[in-house]
Amino acid sequence: ALGILVAARGLGHELGDDQRDLHAAALGPPIRAGAMHALARAAMLRHPAEPYLPFITSLRASYAGDDNPIPWVGATLERASVYGPAHLVLARAVARRSPSQARMEYRLAVEQLPALLGAAAAEAPRLVGGYYDAMELVPGGKEGVPVLEAVADAVRDRLPATCVRLDAELAERAPTRPGPAMRAASAAIDDLSAGEAAPWCEGPGRSGCVQDALDQSARARRLAPERCAPSAFHARARVASGDVAGGLSELQDASDTVTERVPCLQQLVSVAWAVGDEARARAALDKIASAGCSEDSECARDLRWAAGQEEEHAYPRKALALYKRAYERTPADEGLLEAIARLAAQTGLHVEAAEDYGRLARAHPADPRWPKAQQVERDEAMKGVLKP
């Protein structure tokens, strides 16, 4: 019994070593296909029933492009009939010559390992040319719901009619998911602002499009009351209907209740600027600038967005102050430092601008732009000193 135990522990350790060695060879520094074959063959002779060994070899072949991954995938599936990653590799291998086969392999990959949904959703939609192609990717029943959601979102701009049909299927399988209503509301809002690109919403048809946008966004808001997008869609529909004050007030109220507070305030800023309500836009910008955040990068991102709005609408001093606050949070962001230097020069703070350009020059001594800009600002500063 002791001998069996020692032998079993030794075999398990040996398999782990082989798995690690092949993983390092497949995904580490490049090696030739012949060398990989030799490693895989030796490991498979020691562990003939282990599916990982041929699988990692197939993955290396698919990345390197100097070997055919299909025989290795076949060896994997001989050893394990359920092995989602192998189907993902096979889908990539056959995508060009057999899109239908690839779509089936993507579906099997997600069915067997749902964690592969992200990879499949990023790759598979390029093989979709219509509704029936898309449905080849979707498992049956509720298991297909996240795939339907991902594919509908991926093809919505390229294949809007297909997206509508996929959303109808999704709404039937999962009536409480907000995705279909959100996409329908977004499309309805886009139609209202598309002008001649959506002639069905021009002239007498506009009232019907406005009502459709109101209905779709209200439905999305019922399904996802904690999110900002439905309220933003509904507010935009109200503005399009002529109820500007009501739409802005609705969006302002929503920004105080939804979980995505800053994105909602950003929507409010955009709509307010668009309708000429500067006071409301500036009030929302102030809220964004004072909003809390969990990480410095998040604060810097929000402050940078607010600064960009101030700069775009000709408030350079306020933009400069916000850029500085963002830079305090992320001092490694040289894009912010460049914006600070540019606005300092624009607002007449030439000494400060020269110092900022000097920092950029020291960080990038081979870039001639920054010493030149620094000298220009020094010259401008001296003009102010020497001016009688």
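Thr 57 touches Met 36, Ala 40 and Trp 72, leaving aside its neighbours within four places in sequence; contact means heavy atoms within 4.5 Å. Thr 57 lies in helix α3. Thr 57 is buried, at 0% relative accessible area. Buried means under 20% relative accessible area, exposed over 50%, and partly exposed in between, with a 1.4 Å probe and protein chains only.

This is a predicted model, in which local features need pLDDT of at least 70, side-chain atom pairs count only at pLDDT 80 or more, and totals for chains, interfaces and linings use all residues. Residues are numbered from 1 along each chain as its sequence is written, and side-chain values use heavy atoms, with hydrogens and water left out.

**Helix pairs**

- Helices (H or I, at least four residues) are DSSP runs, numbered from the N terminus.
- Helix α2 (residues 33-46) packs on helix α3 (residues 52-64) at an angle of about 170 degrees, with axes 9 Å apart.
- Axes are lines fitted to C-alpha atoms, for helices over the stretch in contact, and angles run from 0 to 180 degrees between N-to-C directions.
- α2 and α3 are therefore roughly antiparallel to each other.
- From α2, the residues in contact with α3 include Ala 33, Met 36 and Ala 40. From α3, they include Leu 53, Pro 54 and Thr 57.
- Helix α11 (residues 179-193) and helix α12 (residues 206-223) pack at about 150 degrees, their axes 8 Å apart. α11 and α12 are therefore roughly antiparallel too.
- The crossing of α11 and α12 is left-handed: the near helix is turned anticlockwise from the far one by less than a right angle, whereas clockwise would be right-handed.
- On the α11 side, Ala 181, Met 182, Ala 184 and Ala 185 are among the residues that meet α12. Their partners in α12 include Arg 206, Cys 209, Val 210 and Asp 212.

- Helix α18 (residues 316-329) has 14 residues and reaches 20 Å from its first C-alpha to its last, close to the 20 Å expected at 1.5 Å a residue. The expected span is 1.5 Å times one less than the number of residues.
- Ala 319, Leu 320, Leu 322, Tyr 323, Ala 326 and Tyr 327 are the buried residues of α18. They pack against α16 (278-290), α17 (296-312), α19 and α20 (350-363).
- Helix α19 (residues 334-346) has 13 residues and reaches 18 Å, close to the 18 Å expected.
- Buried residues of α19 include Leu 336, Leu 337, Ala 339 and Ile 340.
- At the start of α19, a side-chain oxygen of Asp 333 comes to within 3.0 Å of the backbone nitrogen of Gly 335.
- Gly 348 follows α19 and has a positive phi, near 90 degrees.

**Glu 123**

- Glu 123 lies in helix α7 (residues 117-123). Glu 123 is buried, with a relative accessible area of 17%.
- Leaving aside neighbours within four places in sequence, Glu 123 is in contact with Leu 88, Arg 92 and Tyr 106.

**Val 275**

- Val 275 lies in helix α15 (residues 261-275). At 33% relative accessibility, Val 275 counts as partly exposed.
- Val 275 touches Val 239, Val 244 and Leu 248, not counting residues up to four places away in sequence.
- Val 275 and Ala 43 are 232 residues apart in sequence and 69 Å apart in space, C-alpha to C-alpha.

Key: Helix = DSSP H or I, 4+ residues; strand = E, 2+ residues; numbered from the N terminus. Polar contact = N/O pair within 3.5 Å; in protein donor to acceptor, adjacent residues only side chain to side chain. Parallel < 35°, antiparallel > 145°, perpendicular 65-115°, else oblique.
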